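Visitor: I would like a close look at one part of this model, the nonpolar core, and at what surrounds it. Please take it residue by residue where that helps.

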Amino acid sequence: MSKGIMTGEMMEHYREKGFAVIPGVFSPDEAEEVKRALKEVWTRGIRSRTILQSLVFPLESLFPPLRNVHQSHEALRRFSLDSRAFGTAARLLGENALLVGTTGFYKCPGAKQLPLHQDNYDIGAEPAPGCAFWVSLDGASPENGGLRMVPGSHRLGLLKPRAPGSRSTYGQSVPVPDRHTEVDLTTKPGDVVVFNGYTVHGSHANRTRYGFRNSLVMHFVGESVRSLFVQNRELLNSAGDNIFRPVNKSHSVKRLFLNTDSD
């Protein structure tokens, strides 16, 4: 495990608040290398017409989230298997980590906010929610689409979402839970934000005229995970071997949608 990446204070913050910021995990050159690799994946999508412009969201549609980029670009696969990511995830999870997936984000100028949500809506990991390893590739702030976190929300379990959360970016959302408040995060290129799969979080709109806010997120679960959603069944261990888990046919988010007692 990469014990040197997170201090004891950061670990305590993660346990108590559900997230932690780890400055300077990757160098500016490493961040630029990942940005170049993501641009190559994006360019392929434009050339192959798998990325198409929408008249409803003309700019955002040209820069959609790039899913599972580690599967289509060797440099991004190597980066995703980096011991700094896997070691930190293993330390947070208390056991060997398995990579669920990767997503590259181009938060373009004018892009809307990502509504507050919990990652285990989509991952469906049972019995534990796993964690995220979010790499800031540009400077990120509330002005250009930086992250928002709700401290302590990871202790609430999976909350009943509202649907749809956003027509353009996300299918579910949750309000800020009672007796909780959200906080804004500011990061530099190479900084990492780690957070629990139950932590309520989102991102601000990009209110700049020209600046992008690039990031790469990796999602991990512990090797003891029993089941996940079907799209997340093919996992990777730290050696790059494929690991499979059964389909989660009874994800608790279904039960939350069926429960009509709350708003």
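Guide: The model is predicted. Its largest nonpolar core has 40 residues, and the members that touch the most others are Met6, Leu38, Phe133, Val194, Met218 and Phe220. Helix α2 (residues 28–48) supplies the largest share of this core, six residues. A separate core of 10 residues lies apart from it, with Ala132, Trp134, Leu185 and Val193 among its members.

Beyond its neighbours within four places in sequence, Leu38 is in contact with Leu66, Val69, Leu76, Gly104, Tyr106, Leu137, Ser215 and Leu216.

Strand β3 (residues 97–107) is mostly covered, with 10 of its 11 residues buried. Two strands pair with β3. Strand β10 (residues 213–222) runs antiparallel to β3 over 10 bridges, and in this pairing Thr102 stands opposite Met218. Met218 was named above as one of the core residues that touch the most other members. Strand β2 (residues 66–67) also pairs with β3 in the antiparallel sense, over two bridges; here Arg67 stands opposite Thr103. As a general point, side chains in a regular strand alternate between the two faces of the sheet.

Next, the aromatic rings. A search of the whole structure finds eight aromatic pairs. In one of them, Phe26 and Phe79 are tilted, at 4.7 Å centre to centre and 40 degrees between the planes. Phe26 lies in the loop between β1 (19–22) and α2, whereas Phe79 belongs to helix α3 (residues 74–80), so this pair ties together parts 53 residues apart in sequence. Phe26 and Phe79 are both buried.

Phe26 also forms an edge-to-face pair with Phe133, at 6.2 Å centre to centre and 85 degrees between the planes. Phe133 is in strand β5 (residues 131–136) and Phe26 in the loop between β1 and α2, so the pair ties together parts that are 107 residues apart in sequence. The relative accessible area of Phe26 is 3%. Phe133 has 1% relative accessibility and counts as buried because the cut-off is under 20%. Elsewhere, ring pairs link Trp42, Phe63, Tyr106 and Phe212 into a cluster; of these, Tyr106 is one of the contacts of Leu38.

There is also an open sheet of four strands, with the order β4-β9-β6-β7 and antiparallel pairing. β4 (114–117) and β7 (183–184) stand at its edges with a single partner strand each, so one side of each has no neighbour in the sheet. β4 pairs with strand β9 (residues 201–203) over two bridges in the antiparallel sense, and His117 stands opposite His201. His201 counts as buried, at 4% relative accessibility. The side chains of His201 and Asp119 are joined by a polar contact of 3.3 Å. Not counting residues up to four places away in sequence, His201 touches Pro115, Leu116, His117, Asp119, Arg148, Met149 and Phe195.

For the chain as a whole, there are six helices and 12 strands. Of its 263 residues, 54% are buried. Among contacts with a separation of 6 or more, 83% are between residues 24 or more positions apart. The accessible surface is about 12,700 Å², and carbon and sulfur atoms account for 52% of that area.

Definitions and conventions:
Residues numbered from 1 in each chain as written. Predicted model: local features only at pLDDT ≥ 70, side-chain atom pairs only at ≥ 80, totals over all residues. Heavy atoms only, no water. Core = buried A, V, L, I, M, F, W, Y, C linked by side-chain atoms within 4.5 Å. Buried < 20%, exposed > 50% of the residue type's maximum accessible area, 1.4 Å probe, protein only. Contact = heavy atoms within 4.5 Å. Pairing = 2+ DSSP bridges. Polar contact = N/O pair within 3.5 Å; in protein donor to acceptor, adjacent residues only side chain to side chain. Areas by Shrake-Rupley, 256 points an atom, 1.4 Å probe, with all protein chains shown as cover. Phe/Tyr/Trp six-rings, centres within 6.5 Å; stacked < 30°, edge-to-face > 60°.
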